Amino acid sequence: MSGIVVIFDFDKTIIDIDSDNWVVDELGATDMFNQLLTTMPWNTVMDKMMNELYLQGKSIGDIEDVLKRVPIHPRVVPAIKAAYALGCDLRVLSDANLFYIETILKHLGIRECFSEINTNPGFVDEEGKLRILPYHDFHTFSHGCNLCPPNMCKGKIIERIQTTLENKTIIYLGDGAGDFCPSLKLTKEDYMMPRKDFPVWELICKNGDLVQADVHEWADGEELERVLIQLITTIISMDENVVDNTNQLFDCKFETIGHKVLPKPLYVP
């Protein structure tokens, strides 16, 4: 492993659109979605929409077919495969849902590249209906972050991930306003890749002094691939130089020790 954890947002980062809007539009339910959105949180609306589509006779297969047609820049999959081949630990942190994300990643042939998917639960219930639930159950408690939607604070998830890492560098890629909170949790050893001219990029431009991580923007899948692979190879090279310098320092110290005090080596056949 390279010692690098790459965390991807999903909508408008891995894929080029919002997956919720894509499904709703492709299945002809845009007007109903827009009406419901004025009355309840987005995550709740999507669960309600799945029930309405089920009542209209739309099957799980219909939803899967729509997801498999999702637009994606042709350089994103190669970028993910290259990062994985370079030994990075790849993860998803998204306000979409597990059913959408796993369906698309499996279709693209890159599900195995990701060690972890952090997102809203999405599953098919016993009636054959897709359910979409909140990551944080805001009906019973609040995550307490005023930067994030009630169903998910990505910053808290980043903090949880950070507690499991030791001497690891994080590269975070995102586009939306919900990606600003996690960008504030990154350290000066980490890297933030906001999508240019998207909400998180605008927030970082306005509040740059709050972000400790090194910021590298990207505009499309081609730039995502170029910037990401350059960062990964640079970090790996820096880590290798640190190891080389440490070894050289050890060799210098070793040479100053009197050889007579060293025990003879024991050779094991």
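Predicted model: local features only at pLDDT ≥ 70, side-chain atom pairs only at ≥ 80, totals over all residues.
Helix H10 (residues 221-255) contributes four residues to the lining of the second largest pocket, the most of any element. The largest pocket has a volume of about 550 Å³, and the second largest pocket holds about 250 Å³ of space. A search of the whole structure also finds two cavities of 30 Å³ or more and two aromatic pairs.

**Second largest pocket**

- About 250 Å³ of space lies in the second largest pocket, and of the 13 residues that line this pocket, Lys168, Thr169, Glu189, Ile235 and Asp239 are the closest to its centre.
- The lining of the second largest pocket consists of four nonpolar, four polar and five charged residues.

**Largest pocket**

- The largest pocket, with a volume of about 550 Å³, is lined by 25 residues, of which Asp11, Asp18, Asp95, Gly176 and Gly178 are the closest to its centre.
- Helix H3 (42-55) and strand S2 (89-97) are the elements that give two or more residues to this lining.
- Strand S2 supplies the largest share of the lining of the largest pocket, four residues.
- By class, the lining of the largest pocket has nine nonpolar, seven polar and nine charged residues.

- The largest cavity has a volume of about 40 Å³, and the residues that line it are Met50, Leu53, Tyr54, Lys58, Ser59, Ile60, Ile63, Gly128, Lys129 and Leu130.
- Two or more residues of this lining come from each of H3 and helix H4 (60-67), and H3 has the largest share, three residues.
- Six nonpolar, two polar and two charged residues make up the lining of the largest cavity.
- The second largest cavity holds about 30 Å³ of space and is lined by Thr13, Ile14, Ile15, Asp16, His73, Val76, Arg195, Trp218, Asp220 and Gly221.
- The lining of the second largest cavity divides into four nonpolar, three polar and three charged residues.

**Aromatic pairs**

- Of the two aromatic pairs found in the whole structure, one joins Phe8 and Phe114, whose ring centres are 5.9 Å apart and whose planes are at 75°, so the pair is edge-to-face.
- Phe8 belongs to strand S1 (residues 4-8) and Phe114 to strand S3 (residues 114-120), so this pair ties together parts that are 106 residues apart in sequence.
- Phe8 has 0% relative accessibility and therefore counts as buried; Phe114, at 4% relative accessibility, also counts as buried.
- Phe33 and Trp42 form an edge-to-face aromatic pair, with 5.1 Å centre to centre and 80° between the planes.
- Phe33 counts as buried because its relative accessibility is 3%, whereas Trp42 has a relative accessible area of 33% and is partly exposed.

**Helix H9**

- Val200, Trp201 and Ile204 are buried in helix H9 (residues 199-206).
- Viewed down the axis of H9, the buried residues fall within an arc of 100°, so they line one face of the helix.
- These buried residues of H9 pack against strand S6 (169-174), helix H8 (180-185), strand S7 (191-194) and strand S8 (214-215).

Note on methods
Residues numbered from 1 in each chain as written. Heavy atoms only, no water. Phe/Tyr/Trp six-rings, centres within 6.5 Å; stacked < 30°, edge-to-face > 60°. Buried < 20%, exposed > 50% of the residue type's maximum accessible area, 1.4 Å probe, protein only. Arc of directions from axis to C-beta. Contact = heavy atoms within 4.5 Å. 1 Å grid on protein atoms, 1.4 Å probe; cavity = no way out; pocket = protein on both sides within 12 Å on 5 of 7 lines; lining within 4 Å. Points joined across faces, edges and corners; volume = space filled by probe spheres on them. Nonpolar A, V, L, I, M, F, W, Y, C, P; charged D, E, K, R; others polar.
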